[in-house]
Amino acid sequence: MTQLARPNGRGTYHDDFRLSITKALGDQLADALSHLEHAPLSEENLARLDERPGVYQLYLGGDFVYVGKADKTLPGRLRNHLRKLSGRRNINLANVDFSCLYVAEDFSALAPEQLLISHHKEMGSIPWNNNGFGNKDPGRQRDSTVLKKNHFDVVFPIDLDRPVEGLTPGDASLHAFLKALKGGLPYNFRYAEPPRSKSSFVTVPRTDLSANEAFHLLSKALPDTWQVAALMGYVIMYSDSPDEYKSAWRYFRSGTVIDAEPEASPEEMGQDDLFDEG
């Protein structure tokens, strides 16, 4: 009897066996995480974690919103998220929880967070994994970008009312004040060094200055062509006044505070957008 061949060279007595090891690993990771309780994302809970690499999931109001990995230590990576979220509006840290799994260091090479992302994409979207939550500084070329309406920075913009950490009252050089601002904010502050920054001084009146007050004070010490622009997700300072940025909602120019209406695209970020770094 003549053997009838199937498409692609397959037949009734010979066929292909396909095993997706990566899918199996992703499914097992997701299953292990699903059996864990959720804990509030707080310093107290993070202090109980081992300094080991692993994967984690974040939840907002009980809803699963983000999956990521920590190549070095889970508490360190989760502290970064805790600090970032503390500087955002429209979010209550008391509503943010996490769960996590320790993984062997050599397992990190398999990109376990991508395995989890692939698993959960089959079930639906992961809101914060494709909307800018895990992004680092996008760079100068992205400052004028119009963000999509569900971008993390549009939904949860930076909080300029939050106090700057680590300020010392008294006179400080502009150079030192800029460094203190950058280190004391839970969101990125990118700036160019203004001329004579080490010989120009500002007087810090107290330790609990809000970011808004600090940038207002800073703008008074800058040359007229310089401005501070608060974008939806970070703050920049350059010698480009009065240029405007599409996602800016406040400017600080020569001691003047100017509010603006940021633009947002009516489109939404979707699964085809680039995933953030976990």
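I began with strand pairing, where two strands count as paired if DSSP finds at least two bridges between them; strands here are DSSP runs of E with at least two residues, helices are runs of H or I with at least four residues, and both are numbered from the N terminus.

**Entry 1: ground rules and overview**

I am working on a predicted model, in which local features need pLDDT of at least 70 and side-chain atom pairs count only at pLDDT 80 or more, while totals for chains, interfaces and linings use all residues. Residues are numbered from 1 along each chain as its sequence is written, and side-chain values use heavy atoms, with hydrogens and water left out.

I noted seven helices and 13 strands in the protein chain. For burial I use relative accessible area (buried under 20%, exposed over 50%, partly exposed in between, 1.4 Å probe, protein chains only), and 45% of the 278 residues count as buried. The accessible surface, computed by the Shrake-Rupley method with a 1.4 Å probe and, for residues, with only the protein chains shown as cover, comes to about 14700 Å², of which 51% belongs to carbon and sulfur atoms. Taking contact to mean heavy atoms within 4.5 Å, I find that 68% of the contacts between residues at least 6 apart in sequence join residues at least 24 apart.

**Entry 2**

I looked up strand 11 and strand 12 (residues 256–259), which run antiparallel and are joined by four bridges. The two strands form a hairpin with two residues between them, and Ser254 in the turn has a positive phi of about 50 degrees.

Arg250 belongs to strand 11 (residues 248–253) and stands opposite Asp259 in strand 12. Their side chains also make a polar contact at 2.6 Å; the term covers a pair of N or O atoms within 3.5 Å where, within protein, one must be able to donate a hydrogen and the other to accept it, and residues adjacent in sequence count only if both atoms are side-chain atoms. Is Arg250 buried or exposed? Arg250 counts as buried because its relative accessibility is 16%. Beyond neighbours within four places in sequence, the contacts of Arg250 include Leu160, Asn212, Val228 and Ala230.

Four strands form an open sheet in the order 1-4-2-3 with antiparallel pairing, and its edge strands, each pairing on one side only, are strand 1 (39–40) and strand 3 (63–70). Two bridges join strand 1 to strand 4 (residues 96–102), and Ala39 stands opposite Phe98 in strand 4.

Gln57 lies in strand 2 (residues 54–60) and is buried because its relative accessible area is 4%. A 2.9 Å polar contact joins the side chains of Gln57 and Tyr59. Leaving out neighbours within four places in sequence, I list Phe64, Tyr66, Phe98 and His120 among the residues that Gln57 contacts.

**Entry 2: aromatic rings**

I paired rings of Phe, Tyr and Trp (its six-membered ring) when their centres lie within 6.5 Å, calling planes under 30 degrees apart stacked, over 60 edge-to-face and the rest tilted. By this rule I count eleven aromatic pairs. Trp128 and Phe133 form a tilted pair, 4.8 Å centre to centre with 40 degrees between the planes, and both residues are buried. Trp128 also pairs edge-to-face with Phe156, at 5.8 Å and 75 degrees. This second pair links distant parts of the chain, 28 residues apart: Trp128 is in the loop between helix 4 (112–121) and strand 5 (147–148), and Phe156 is in the loop between helix 5 (152–155) and strand 6 (170–173). Ring pairs link Tyr56, Tyr66, Trp128, Phe133, Phe152 and Phe156 into a cluster.

**Entry 3: arginines**

Arg88 sits in the loop between helix 3 (74–86) and strand 4, and counts as buried because its relative accessibility is 6%. Its side chain reaches the backbone oxygen of Gly233 at 3.3 Å. Not counting residues up to four places away in sequence, Arg88 touches residues including Phe152 and Phe156.

I then searched for charges over rings (NZ of Lys or CZ of Arg within 6 Å of the ring centre and within 35 degrees of the ring normal). Arg52 lies over the face of Tyr102, at 4.2 Å from the ring centre, and Arg89 lies over the face of Trp249, at 4.2 Å from the ring centre.
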